[in-house]
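Subject: Structure for your review

Dear colleague,

Please find the structure below, with the sequence alongside.

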Amino acid sequence: MSEKISKETVSHVASLAKLELTDEQLPYFTDQLGSIMGIFDSLNDVDTSNVEPTFSVTDQINVMREDVADNWGQRDALLDNAPDVSDGLIRTPTIIDESGD
Amino acid sequence: MDYLGKDIFSIHESLVNGDITAEELTRQTIENAKKNDEDINAFVVFDEENAIKQAQEIDKAGIDPDNVLSGIPVAMKDNMLTKGVLTSAGSKMLSNFKPIIDGTAVAKMKEAGTINIGKTNMDEFAMGGSTETSFHGKTKNPWNLDKVPGGSSGGAAAAVAAGDVLVSLGSDTGGSIRQPASFNGIVGMKPTYGRVSRWGLIAFASSLDQIGPLTRTVKDNAVVLNAIAGKDEHDMTSSNKEVPDFTANIDKGVKGMKIALPKEYLGEGVDKDVQDAILAAADKYRELGATVEEVSLPNSKYGVAAYYIIAPSEASSNLQRFDGIRYGYRAQDAKNLEELYVKSRSQGFGDEVKRRIMVGTYSLSAGFFDAYFKKAAEVRTLIIDDFKNVFQDYDVILTPTAPTPAYSLKDEKDPITMYMNDILTIPVNMAGLPGMSVPAGFSDGLPIGMQLIGKPFDESTLYQAAYAFEQNTDFHKQDPKMGGAQ
C-alpha cells in the first residue's frame, strides 16, 4: 500500500475515469495523489481481521414498490438542457472516429 | 430586510399582524442580500421572479397563523435541484443546467410556505471545506472578509450569518453543514442518514450525503427540520421512522442528561481557543445539571483516511454520469464520442473534483479494492462500534466542530491539510449519526462552534441540549460587522 503511485499509474487511472491530463498536469497530480495515498497507510495499523465492512448505514432493506410507468410530460424542458438537439433528438459526434488518426 | 437579531418567530409575527406582506418581505430580503453579496458573494443566482410570484400567492391566500414558515424567505444550496432555476453544484460542468423538477427537500420547503430567493455558493460538487473550489468565485466570511466561510455549504452559511436570510438548506457529506456553521457563528444540523430524502440532491457520496438546515437559532433549525424530514418513495434510503415534532421537548433542559467528552477530539491539532471554548461549554452543561464525563472514541482518528477512500470511491461512480451528452458542459472540439466524453469531463471538472475521481477510481480498481475500499469499510465498522459503546451510557457527545476558527482566504492550501480539517466531523457521517454545530465562543473576533452528536434518529435530544446551551449563553446574539473582525 505504501509504494508511491507512479506517473504511469496516474495516467492509467485518468484514462479509466475518462479524464486526460496534460504533460504539465501529470506530475502535479501524481505528486498530490501520492501524498493523499500516503494518509491511507495509517489504516494498516488497524486490525480488521474479524470485522465486517460497512457499505451503507441506511435502516431500510429491500424497499419494494409497484412497477408503474410515470410520464413526466417534460420532453421539451429536458431537451432544453441538451447541448446539441436536432429534430427532438440529442446529437453526438460519430461513435467511430472517421478522421483517420 | 436585514435578519440580524431576528428569528422565524419574530418575522412570522410581523407577517401575521400585517406589519409587512410576504411580497414586501421578499423584495426587501432580495434587495438586502444583493447588497451584502457585493462583499461576500454568497449567492450563485437569485430567483427574484419566482420568489415574488410565490410571495404574492401567499399574500393572496393569507399568512397561515398556525404555520410559522408561511412566507419566510429562504435559500437553497446550489446542488439541490430547483425546477427551472440554475443548479450548477458550483461546477462549470453544470453551469447551464436547469432541472425539470424540485428535489424533495426543496419541494417540502415550498409546500411549507417558504419562499426560495436563490441558490447559494459551494465547493464544486460539495468537494471541499472552504468554498474556494466553486466555478462561481470564492465566498467571503461575513465576520472577516479575509477569511473563508468554510464549506462546502459556505454560501449557505455566509448568507445566514450576514442576515440575508433566516434559513438556508445545505448538504453534509463529511462536515459540509457543520463546519461552515461553526465558521459563521450559526446553527447547522446534519440529520441522521435517511432522515431527509436525498432525491434531487446532486450526489457526491451516496452513503454519507445528508441535507439539513442552517439557521440563526436552535429553535428555527428544529422548525425547518420538521418541514423537510420523512420518508420519500423517491429515495429508498430515506427512513420510514416516525418524525417527531423536533420542538416538542426543546425547552426541557439538560438536568440529568449524560454528556460524553471524547478525549481524542480535544487533542493535538485543535487550537487552544477552541479547546477552551469546548471545556467551558462542558462546564456550562455541568452548571445546568448535566453530567459531563471524558470518554474515548479510539478509532475516530482513522476517520479521515477511511473517508478519503470511501467518499471519492462513491463520487467517482456518481460523477460518471457527467459525459457531455444529455445535459451539462460539452467540449466543442471532439472528433468522436470517446473524445467528447474525455474532453467534456477534463474541461468541465476542476482540479479537486479530478483528484477525488482519480483517488476513487484507483481505490476501486482491480487489485486494490481489498486493500483500499474494503479496508476503509471495515474501519468504518470500528468507528461505528465506538459510537455504539459510548451511546450505551451517554445521551449526547460534545466535541469541537472544527479544529480551528475560519482560516485565511489567501493562504496556499495543499489537499492533505484541507482534508485533515474534517477530522472532527467525518466520523459522524461514517456512522450516519445526527450532528449539529452550535455557536460556543470566539477567537480574535471569529466564531467557534461546538458539535453535539446524537444517537440515530435522536435529533430531538440534540436540539434540547443545544437550546439549553443557547438560552444560557450569548454567543448567538453577536453579529458580524460586515467588513472586518470585531
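**The contact between chains A and B**

In this predicted model, 49 residues of chain A are in contact with 55 residues of chain B. On the side of chain A that touches chain B, the elements giving two or more residues are helix H1 (7-16), H2 and helix H3 (75-80) of chain A. H2(A) gives the most to that side, with seven residues. By class, the side of chain A that touches chain B comprises 28 nonpolar, 13 polar and eight charged residues.

One helix pair across the two chains can be described in detail.

Which residues meet here? From H2(A) they are A:Ile36, A:Ile39 and A:Phe40, and from H9(B) they are B:Val304, B:Ala305, B:Tyr308 and B:Ile309. By class, this contact of H2(A) with H9(B) has seven nonpolar residues, with no polar and no charged ones.

**Chain A as a whole**

Chain A has three helices and two strands, and from the N terminus on its elements run α-α-α-β-β. Its radius of gyration is 23 Å, whereas a compact globule of 101 residues would have one near 13 Å. Along its principal axes, the C-alpha trace of chain A spans about 60 × 50 × 20 Å. Of the 101 residues of this chain, 15% count as buried.

In chain B, strand S6 (residues 210-215) is mostly covered, six of its six residues being buried. Two pairings of S6(B) may be noted:

- Strand S4 (residues 167-172) of chain B pairs with S6(B) in the antiparallel sense over six bridges. B:Asp172 stands opposite B:Gln210 in S6(B).
- Strand S5 (residues 187-190) of chain B also pairs with S6(B) in the antiparallel sense, over two bridges. B:Val187 stands opposite B:Thr215 in S6(B).

With kind regards

Key:
Residues numbered from 1 in each chain as written. Chains lettered and ligands numbered in written order. Predicted model: local features only at pLDDT ≥ 70, side-chain atom pairs only at ≥ 80, totals over all residues. Contact = placed C-beta atoms within 7 Å. Helix = DSSP H or I, 4+ residues; strand = E, 2+ residues; numbered from the N terminus. Nonpolar A, V, L, I, M, F, W, Y, C, P; charged D, E, K, R; others polar. Rg over C-alpha atoms; globule rule 2.2 N^0.38 Å. Buried ≥ 20, exposed ≤ 12 C-beta atoms within 10 Å, placed from the backbone. Pairing = 2+ DSSP bridges.
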